[in-house]
Amino acid sequence: MNDLGQDLELRLVRYFTVVAAHQHFGRAAADLHVAQPALSRQIQRLEKYLGTRLLDRIPQGTRLTPAGQRFLPQAQTLLQAARQAELAVREQAEIERIAIGYVEDLVITAAVRELRRRHPDAEITTRYLSCRDVGALSDKRVDALIARAPLPLAADDVFTTPLYEEPRMLVVPRGHPLADRPSVTAEELAGEEAAPCPFETADWTSYRILGADVPPVESYEDKLELVASGRAIAVLPVGDRRSSLRPNLVTVPIEGAPSSQVVLVSRKGDPNPMIRNLRLAAKAVLTAPAA
């Protein structure tokens, strides 16, 4: 008669299969790193639970009873299924995590929130990337990157998913000759030099004042300061609202300029399923901000 109110313990099942494999309690106890009397008691507990004897002691060791012979393959199948279930859970726990990189003015909160809603048990982190972090995707500091194209990444190494596009605008200081224009054309801005930054959302362009070149700067705020002082102009996506926080700057729509494309980029061949999940969530909720 079995122990009422108790479930079958996998530990006891495993002990039984080891004894059956060795056909000897002493060798099985050594394999399991338990004392032989303790192992005997555990097998007795299993037999009591099942209501039948599984093993007979003989001079050479032990042998399976007819009930033990019937139970052994079922016990092995049970242990194998338990192991597969454990591995599946561990594998899921290992791969259900993702680090998402994002750059400059992009706000990815909606995509991250949607991804967490769809996968509440996943470990989801975000990382802001600056110009100096151009290698963050390739060296696996992030699993996916949301940024503006083009990116300094080899097309053969990455998988790119377009998310949305935005028109561009000109940013100039108040009082600038173009500040009161309803719009400007891309041709009017042609020939200006762009300041390099691989992850820069702005197409920063400099022009000469009193014959002096604009000195190189790195930070976004320093570049805005150059624009506000009349020493530079900037071309930004219309979704970049940071310049609007400065009352001494004016934005002007640009006609004929190529749109700014926001993309999601991941490493080709990356097996992490959370990347696909992020792609679906981002495409569902990330859209171009209203102009």
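The legends below describe close-up views of a predicted model.

Residues are numbered from 1 along each chain as its sequence is written. In this predicted model, local features need pLDDT of at least 70 and side-chain atom pairs pLDDT 80 or more, while totals for chains, interfaces and linings use all residues; side-chain values rest on heavy atoms, without hydrogens or water.

**Figure 1. The whole protein.** The secondary structure comprises seven helices and 13 strands. Helices (H or I, at least four residues) and strands (E, at least two) are DSSP runs, numbered from the N terminus. Of the 291 residues, 42% count as buried. Buried means under 20% relative accessible area, exposed over 50%, and partly exposed in between (1.4 Å probe, protein chains only). Among contacts with a separation of 6 or more, 72% join residues 24 or more positions apart. Contact means heavy atoms within 4.5 Å.

**Figure 2. Helix H1.** H1 covers residues 10–22, 13 residues in total. At 1.5 Å a residue its span should be 18 Å, and the end C-alpha atoms lie 19 Å apart, which agrees. The expected span is 1.5 Å times one less than the number of residues. Buried residues in H1 are Leu12, Val13, Tyr15, Phe16, Thr17, Val18, Val19 and Ala20.

**Figure 3. H1 against H2.** Helix H2 spans residues 25–32. The two helices pack at about 130°, with axes 8 Å apart. Axes are lines fitted to C-alpha atoms, for helices over the stretch in contact, and angles run from 0 to 180 degrees between N-to-C directions. H1 and H2 are therefore oblique to each other. Angles under 35 degrees count as roughly parallel, over 145 as roughly antiparallel, 65 to 115 as roughly perpendicular and the rest as oblique. The crossing of H1 past H2 is right-handed. A crossing is left-handed if the near helix is turned anticlockwise from the far one by less than a right angle, and right-handed if clockwise. Arg14, Tyr15, Val18, Val19 and His22 of H1 meet Phe25, Arg27, Ala28, Asp31 and Leu32 of H2. By class, this contact of H1 with H2 has six nonpolar, one polar and three charged residues. Ala, Val, Leu, Ile, Met, Phe, Trp, Tyr, Cys and Pro count as nonpolar, Asp, Glu, Lys and Arg as charged, and the others, Gly among them, as polar.

**Figure 4. H1 against H3.** Helix H3 spans residues 36–50. H1 and H3 pack at about 115°, with axes 9 Å apart. That makes H1 roughly perpendicular to H3. H1 passes H3 in a left-handed crossing. Arg11, Leu12, Val13, Tyr15, Phe16 and Val19 of H1 contribute to the contact, with Leu39, Gln42, Ile43, Arg45 and Leu46 from H3. By class, the contact of H1 with H3 has eight nonpolar, one polar and two charged residues.

Figure 5. Most residues other than glycine have a negative phi, and most peptide bonds are trans. Gln23, in the loop between H1 and H2, has a positive phi near 55°. Gln23 is partly exposed, at 47% relative accessibility. His33, in the loop between H2 and H3, has a positive phi near 60°. At 73%, His33 is exposed. A cis peptide bond joins Ala149 and Pro150, with omega about 0°. Pro150 sits in the loop between strands E5 (144–148) and E6 (158–166).

**Figure 6. Ile254 in strand E12.** Strand E12 (residues 249–255) holds Ile254. Ile254 is buried, at 11% relative accessibility. Beyond its neighbours within four places in sequence, Ile254 is in contact with Arg168, Met169, Leu170, Val184, Thr185, Ala186, Leu189 and Val235.
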